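Here is a friendly tour of one model, from its surface to its sheet. Please keep the sequence and the 3D view open as you read.

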Amino acid sequence: FDGAFAAGGCFKNVFNEEKVKDIDIFFPDKEHFEKAVLEANKEEIPFLYRNNNVCCFILNNIKLELNQKIFGEPKDILSQFDFTITKFALYKEHVPKDDGTWFWEDKVIFHEDFFEHLFFKRLIVDNKIPFPESTYERMIKYMRYGYFPCKETKVKIANELHNLNRDLQF
């Protein structure tokens, strides 16, 4: 898909030589997303579902989750991810040649601790937690896969959940 890039947990699976269940695909803007949906339909890629976050197709038993909620460049998108082991993106960059022409080059961007945390199965939050309930649920999911949060990560998530619940009245 034009302008699209893959980012997120699928790379954890790739580097661990595990089956990839889904690929999160992001776009620089809504226009590129809409073109991708049209292209998927034109190519008759089987549609699976759509919700507020993604439009999902399935190809070779792998879900292609086209993100329709968050747009931007790979670096900006990764900065919004919660765990360092999901901060990896594969994208194409338009690069000039010496003769004045251009070509597309495959590029990757990842958190500086991505491979260390992946190898040691560490679950680390390195920045803000915009959606603490979701991060908490994901933490539990990753713990089932053998990843464990450090004490600092557990405290960050607990504090964010505590601050969130302060506003609730029972």
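Accessible areas come from the Shrake-Rupley method with a 1.4 Å probe, and for residues only the protein chains shown count as cover. This is a predicted model, in which local features need pLDDT of at least 70, side-chain atom pairs count only at pLDDT 80 or more, and totals for chains, interfaces and linings use all residues. Residues are numbered from 1 along each chain as its sequence is written, and side-chain values use heavy atoms, leaving out hydrogens and water.

Val14, Phe15, Leu90, Val108, Phe110 and Phe115 make a nonpolar surface patch of about 500 Å². At least two of its residues come from each of α1 and β7. Helices (H or I, at least four residues) and strands (E, at least two) are DSSP runs, numbered from the N terminus.

Now to the sheet, an open one of 7 strands with mixed pairing, in the order β3-β4-β5-β2-β1-β6-β7. Two strands pair if DSSP finds at least two bridges between them. At the edges lie β3 and β7, each pairing on one side only.

| Strand | Residues |
|---|---|
| β3 | 47-50 |
| β4 | 54-59 |
| β5 | 62-71 |
| β7 | 102-110 |

β4 and β5 pair in the antiparallel sense over 6 bridges, and Ile58 stands opposite Lys63 in β5.

Technical notes:
Patch = residues over 30% accessible without salt bridge, like charges linked within 9 Å, V, L, I, M, F, W, Y side chains within 5 Å. Salt bridge = Lys/Arg side-chain N within 4 Å of Asp/Glu carboxyl O.
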